[in-house]
Amino acid sequence: MINIQNLAFSYGKNEVLRNISIDLEPGRIYGLLGENGVGKTTTIGKLAAQLKAEGKKVLLCAGDTFRAAAAEQLEIWAQRAGTDIVRHEEGSDPGAVSMMTTSLPRAFAAQIAS
């Protein structure tokens with residue numbers, strides 16, 4: 001299990017997160033939501049690299065199929081971290097990507113899927 005304690009984040013002068021604690025359990029699927037440009041993909045990439053360095057199997061899902069180059073950006077992070085990634089072509093149904101990804105962790109014995 002991965003335990004994150006006392007997470008905080010400010011956007012400009014506005015504090016948007018304070019004292020957030022999260023437990024990430026092996027075999028579960030997690031997603032990140034947030035405004036454009038706040039660092040979701042970068043955070044996912046860094047978490048993937050950290051988990052991979054700890055010897056865990058990580059599977060990333062490029063569910064943002066509408067933003068230009070979104071899947072490519074996540075694929076670069078997957079390559080940097082040495083993780084697997086599921087993606088479809090730009091403009092495809094994001095639900096299809098998510099549905100496919102939910103069935104893959106067991107097939108790949110992934111400990112954390114994102």
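## A nonpolar patch and its surroundings

Strand β1 gives the most to the nonpolar patch, with three residues. This is a predicted model, in which local features need pLDDT of at least 70 and side-chain atom pairs count only at pLDDT 80 or more, while totals for chains, interfaces and linings use all residues. Residues are numbered from 1 along each chain as its sequence is written, and side-chain values use heavy atoms, with hydrogens and water left out.

**Overall fold**

- The protein chain has three helices and six strands, where helices (H or I, at least four residues) and strands (E, at least two) are DSSP runs numbered from the N terminus.
- Followed along the sequence, the protein chain shows the pattern β-β-β-α-β-α-β-α-β.
- Of the 114 residues in the protein chain, 25% are buried; buried means under 20% relative accessible area, exposed means over 50%, and partly exposed lies in between (1.4 Å probe, protein chains only).

**The nonpolar surface patch**

- Leu 7, Phe 9, Tyr 11, Val 16 and Leu 17 make a nonpolar surface patch of about 430 Å², and the elements that give two or more residues to this patch are β1 (2-11) and β2 (14-24).
- Patches are made of residues with over 30% relative accessible area and no salt bridge, with like charges joined within 9 Å and nonpolar side chains (Val, Leu, Ile, Met, Phe, Trp, Tyr) joined within 5 Å.
- The accessible areas come from the Shrake-Rupley method with a 1.4 Å probe, and for residues only the protein chains shown count as cover.
- Tyr 11, a member of the patch, lies in strand β1 and counts as partly exposed because its relative accessibility is 49%.

**The second largest pocket**

- The second largest pocket holds about 650 Å³ of space, and the elements that give two or more residues to its lining are α1 (40-53), α2 (70-81) and α3 (94-108).
- A pocket is found on a 1 Å grid over the protein atoms alone, as an open set of points with protein on both sides within 12 Å along at least five of seven lines, whereas a cavity is a set of points where a 1.4 Å probe fits but cannot get out; lining residues have an atom within 4 Å of a point.
- Grid points are joined across faces, edges and corners, and the volume is the space filled by probe spheres set on the points.
- The lining has 27 residues, of which Leu 32, Lys 40, Ile 44, Gly 63 and Asp 64 lie nearest the centre of the pocket.
- By class, this lining has 11 nonpolar, 13 polar and three charged residues, where Ala, Val, Leu, Ile, Met, Phe, Trp, Tyr, Cys and Pro count as nonpolar, Asp, Glu, Lys and Arg as charged, and the others, Gly among them, as polar.

**Salt bridges**

- The structure holds two salt bridges, a salt bridge being a side-chain nitrogen of Lys or Arg within 4 Å of a carboxyl oxygen of Asp or Glu.
- Lys 57 forms a salt bridge with Asp 84, and the closest N and O atoms are 2.2 Å apart; this pair links distant parts of the chain, 27 residues apart, with Lys 57 in the loop between α1 and β4 (58-61) and Asp 84 in strand β5 (residues 84-86).
- Lys 57 is partly exposed because its relative accessible area is 27%, and Asp 84 is partly exposed because its value is 29%.
- Glu 54 forms a salt bridge with Lys 56, with the closest N and O atoms 3.5 Å apart, and Glu 54 counts as partly exposed because its relative accessibility is 43%.

**Residues brought together from separate parts of the chain**

- Ile 44 lies in helix α1 and counts as buried because its relative accessibility is 16%; Ile 44 and Leu 74 are 30 residues apart in sequence and 8.3 Å apart in space, C-alpha to C-alpha.
- Leu 59 lies in strand β4 and is buried because its relative accessible area is 2%, while its C-alpha atom is separated by 8.3 Å from that of Thr 101, 42 residues apart along the chain.
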